[in-house]
Amino acid sequence: MAAAETLERPVGTDGRVPTLQIEGLHVAIDGHEIIHGIDLAVNKGEVHAILGPNGSGKSTLAYALMGNPRYEITEGTVTFNGEDVLEMEPDERARAGLFLCFQYPTSIPGVQMGNFLRLAVKARFGDKAVKTFRRELQEKLRLLKMDQSYMQRYLNEGFSGGEKKKAEILQMAMLKPEIAIMDETDSGLDVDAFKVVADGVNAMRGADRGFVVITHYNRMLEYIKPDFVHVLIGGKIVKEDGPELAVQVDQHGYGPIIEEVRARGEEVELPEEGGATYAREEPAARHHDPFRSHGRTAI
Amino acid sequence: MTTLVRTTELPATLLEAGFSEAASRALGEWRDDPDWVRALRAHGWEAWEDIPMPGKTTEGWRRSDLRFLALDRVRPATALPERAAGFDALPRALTEQVDMSFAAGGVLVQRDGGTAYGEIVDDLREQGVIFTDLHTALREHRDLLEAHFMQLVPARWQPGPPSNAGKFEALNAAFFNGGSFVYVPPNTTVTLPVRSIFWASDPAAGFFPRSVVIVDRGARLVYLDEYRSVEAPEGAPAVFGSGVVELYIKDGARLDYVTTQEWSPSTGGFLTQRVTLGRDAYVNWVVVALGGLCSRLTADVLLQGKGTKADLLGLAFGERTQVFDIHTLQDHLSPYTDSDQLFKTALRDRARLAYEGLIYIRPGSYGSNGYQANKNLLLDDTAKADSIPMLQIHDNDVRCTHSSATGPVDEHHVHYLMTRGLPRPQAERMVIQGHFEPVIGRIAVEELKDTIRDAVDRRIGDR
Amino acid sequence: MATTIDIRELPPAVSVDPNRERMLREAEKELPLEYRAGWHDELKPIFTTGKGLDRDIVETISKMKGELEWMTEIRVKAYEHFLERKLPAWGADLAQINFDDIYYYIKPTEAQGKTWEEVPEEIKNTFDKLGIPEAERKFLAGVSAQYESEVVYHSIREDLEKQGVIFTDMDSGLREHPEIVKKYFGKVIPYKDNKLAALNTAVWSGGSFVYVPKGVHVQIPLQAYFRINAKNAGQFERTLIIAEEGSFVHYIEGCTAPIWSEDSLHSAVVELIAMKDATIRYTTVQNWSNNVYNLVTKRAIAYEGATVAWIDGNLGSKVTMKYPSIYLLGKGAKAEIVSAAFANSGQTQDAGGKVWHCAPETTSTITSKSVTKGTGRAEFRGWIKIYKGCRDSVSAMRCDAMLLDKECYSGTTPVIEVDEEKVALGHEATVSKVGEEELFYLMSRGLTEREAITQIVNGFIEPFTKELPMEYAVELNKLIALQMDAAVG
């Protein structure tokens, strides 16, 4: 795959508009700008990796694309199949075929996984999809080595880190998005869970689906081979190339890239040690959730 | 079924509006109460006269709204109904409100205090299970009832802390009319639900059912208690009544109990239910409160025996100007007793909730655990919720927690569902349904779960 | 979108010194472990109105103080209301208080000491016994030590005066700044509020008057020590703190009292007014002797963007009833109430807090920790009210109780009233005993059972102690250790 060539195209290689096209995107949280102008074009069939140190704005990009109300788009455009995504509510984006695999999936007490999935599939594909729902669900559960009992459990509630990620992949498999954004899907997974998740993603790769894989290290990319790699630092994409860029980052870290950018005379806004927390959604467990199932937290 | 249908004319005093000693006495004669029961009724009247009418400054009543009361415009009773040939022969106004889709061990439908329909599965009768109307039971089962009738909720109610005036329990003691009696003999298992349905069909008459349920040693019962009422005519006072249920779960027995209060929107009433548990007994109790204009529900669990366990769950959905006044008590009287209470509500329009729950640990109830939670969703900014979860602890070797939370539908939850393609109204609806699911999921009868889900769903309305 | 908030994640209004832990340990080594209350000196009162109360006595008190007519009028009206008003029907048993058997006014010395040298020797002795180290005295910004019913010693550091900060006793405040006092006195807590507020208004004497001008940050906590030292002496101090726009002040009162066999009454009224963007922290460590009825009314008003924090520790007294409250009247105002109570045998700590949210985007937290021992009784009463229209308000109430012995009693009554949809409000409470595993773990490391329990109890009330200035935190931990030594109930 000729990476550099593809990257330069403003539109798809065959002259069509890319499935997901981001132009000059600026994103702010609580009036604080995190992303300072990003351009990115993702077509079906492509896997794009976004690499960057903690706090570089990777998750912010993911949430902004999915329409989290906390994230304010201050400038720029995002289109999905030519339609203005920024005008869409999150559910409209989902039904249009955009999917976000959350880094910290929200737990929702009382909502059964099975019922929820059926509704979501129905919302995306209409009534007729419900007929094949059960069969398809069984198949995906097997693929992800998930037990049938998941379907009776409440959505993400009391799930371990690995179970939550599997549940995200399951939802992706059932909703068959055109573009899937995977936000740090590898974080918090042990080796076995990680392999199951990666296999699940690979099984879904194909000409009819594009991926944006967000990660801060290379492990994920050894399993899910990207076609393009973008390095995001300080809210800007500072370098883009083919898969070899990921290897380079893995071996040498971000230092050489930062040097390179500075040599070009550009400013790089570096996150503080340990990663900036402002761009990150807090893990669900740390929220004071007034409706968590009534606990027995004595002593 | 040996229910005796009283065909005697309603005495003249009971046709007049207002409550009096003479009316109380006349009611006892008309219902053919045995003498020992008439004495209890007389105590009821005395207590009613003695106990002051609760007001805005009475402890435990500050948040109640009794403006619907028009006691001098309510008749104490009305004529008894004809027996219907079967459930389907009952008036549609009732049958269409009741889910009869699942198998039952027994069904008793009382209209205005009289049995309109009642059946019990023969198997159960042969096993010695008694299921009949209260008045028949008082005459025929004195041996069982003398030690239980008006013992747990007596005329002069001493509910323990916090002091409750007991005013409307006294009114019930003076004017009880109808109710069920269930007895399950030792080591007998009744898993087909036994159902009592109380329908107030005369809006001008008060309804005062009083039931007694005894689950004897090592026995098991699934029991459903359902309350319905008609609408009051335009301009008339609210349909009014006060019901009482006394439930005894003996050593090692288990009761799965569901109370559904679906009074009409123009009904104001009181419902007081107390469960007492013998050694190692267990109750799983779900209270569903959906109806009424103003309703006060008292659900008490007395953990009397060592090693008992009680799960008390409740849900209420308020709309329009509905007022729910909910009081719960988990009274730990013995060591190693566990109670777990969860009350969930959602309120829309101008609905109001006052929740008051108490975990009371008596001295010497060591090794006990008490949990209590109240979670309220406010769906409109005109709705209002007051929550008072109380702990009173007299032993240190215990573990108790309570929590209370009130707020709108969680936006994080709604957003997550929307990212999966659900439109906002559907996402919100799902979160609200999810809010109630931990309670509905505990209803002992599978088929009833969906009925309750639908009832809740109708109330969520268009989001 | 409504925000949710975890009470445990809220930072304290004043940041905690990172060296604090170490300093705490060192300070604990240095200070002698001795019980600081329990002495009383033979002091002859110069003037007293005698036991009991009538209208003449109320007028005499006012006359003795040379007050203006308006204050005399308020006193008389309050006295009349006191006669009419009943004691609260709820809460602790107050039936044993004999209002006719109390001295309402005692004047111990003629003049106020202007410098330390002028302070009478007996009183200095008392301070010595209270264990206030010399160094600490110098450290204090201004010592306003109430002895009997008059403030006897008072000094204001020069820089405070330069900044225009007024820190004086209430009587002087009334004399020297009548226009300010008249404007605010009784406005937060009117005498009709309750029977004891009426009594205080009628017979008040002493207390502090603090006025912080616009934009002034008072760097060092203002401190006052109160002490009862006369047979059946009533203490009816009255405190008024006004923090003008954008100012900051931290006021600390510590109370210790000698032990007397007859019942004693302490009934103070404290009014705080935090103007726009001002911050008032009010810290109390109460250690009255175990015969005192401590019935105090404390209330604050917080305007737009203002913050009020009540840090309230109750260790002593026979009966305490005290529910510091905060009215959040302006947008974005914040309330914080952190309290701890220790009830040993014979004691009732009936305490809590109240917050009224009357404006949008207001925040409140109430945190309460109670420890009961022997036959001690601890009752928590919390009340949070969110009025309609207070959108995006957040409130979290948490109360935890630890019961050390079988005969203890712990009660929790939180009232939560929400009239507004767009708010997040949560309450949590736990009751527990000392965890056996924790106890075992500490004992397996060589601690005695008593030491281990003390450690666990200190850890349990740490959310309170961390809010205290270091010297108070040290004192508190010691007092708890002493409580542990007291006979097991």
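# Chains A, B and C: values set against definitions

Mentor: In chain C, residues 109-114 keep a pLDDT under 50, and the model has 12 contacts beyond four places in sequence for them. pLDDT is the predictor's confidence in each residue, from 0 to 100; two residues are in contact if their C-beta atoms, placed from the backbone, lie within 7 Å. The model is predicted: local features need pLDDT of at least 70, side-chain atom pairs count only at pLDDT 80 or more, and totals for chains, interfaces and linings use all residues. Residues are numbered from 1 along each chain as its sequence is written, while chains are lettered from A and ligands numbered from 1 in the order written.

Trainee: Where in chain C is confidence lowest, and where is it highest?

Mentor: Lowest in helix H5 (residues 134-139), at a mean of 39, and highest in strand E11 (residues 269-274), at 96. Helices (H or I, at least four residues) and strands (E, at least two) are DSSP runs, numbered from the N terminus. Residues 1-21 of chain C also stay under 50, with 38 contacts beyond four places in sequence. Chain C averages 77, and 73% of its residues score at least 70. Where pLDDT is low, the predicted coordinates should not be read in detail.

Trainee: At what angle do helices H2 and H3 of chain C pack?

Mentor: H2 (residues 55-64) and H3 (residues 69-84) of chain C pack at about 155°, with axes 9 Å apart. Axes are lines fitted to C-alpha atoms, for helices over the stretch in contact, and angles run from 0 to 180 degrees between N-to-C directions.

Trainee: Why is H2(C) called roughly antiparallel to H3(C)?

Mentor: Angles under 35 degrees count as roughly parallel, over 145 as roughly antiparallel, 65 to 115 as roughly perpendicular and the rest as oblique. The angle here is about 155°, so H2(C) is roughly antiparallel to H3(C). Among the residues that meet are Val58(C) in H2(C) and Tyr79(C) in H3(C).

Trainee: What makes strands E1 and E4 of chain A a pair?

Mentor: Two strands pair if DSSP finds at least two bridges between them. E1 (residues 20-29) and E4 (residues 71-80) of chain A have 8 bridges, in the antiparallel sense, so by that definition they pair. Here His26(A) stands opposite Glu75(A) in E4(A). Helix H2 (residues 58-66) of chain A packs on the sheet, touching E1, E2 and E4 of chain A, at about 65° to the direction of E4(A).

Trainee: In the sheet E6-E7-E8-E3-E9-E10 of chain A, what is the pairing?

Mentor: It is mixed, and the 6 strands form an open sheet.

Trainee: What makes E6 and E10 of chain A edge strands?

Mentor: Strands E6 (98-101) and E10 (236-241) of chain A each have a single partner strand, so one side of each has no neighbour in the sheet. The twist averages 20° from one strand to the next. Strands E3 (residues 47-51) and E8 (residues 210-215) of chain A run parallel, joined by 5 bridges. Val47(A) has Phe211(A) in E8(A) as its bridge partner.

Trainee: How do you know that a strand of chain B pairs with one of chain C?

Mentor: E19(B) and strand E23 (residues 423-432) of chain C share 7 bridges in the antiparallel sense. One bridge partner is His427(C), for Ser404(B). Overall, 30 residues of chain B are in contact with 32 residues of chain C. The predictor gives the complex an ipTM of 0.74 and a pTM of 0.77.
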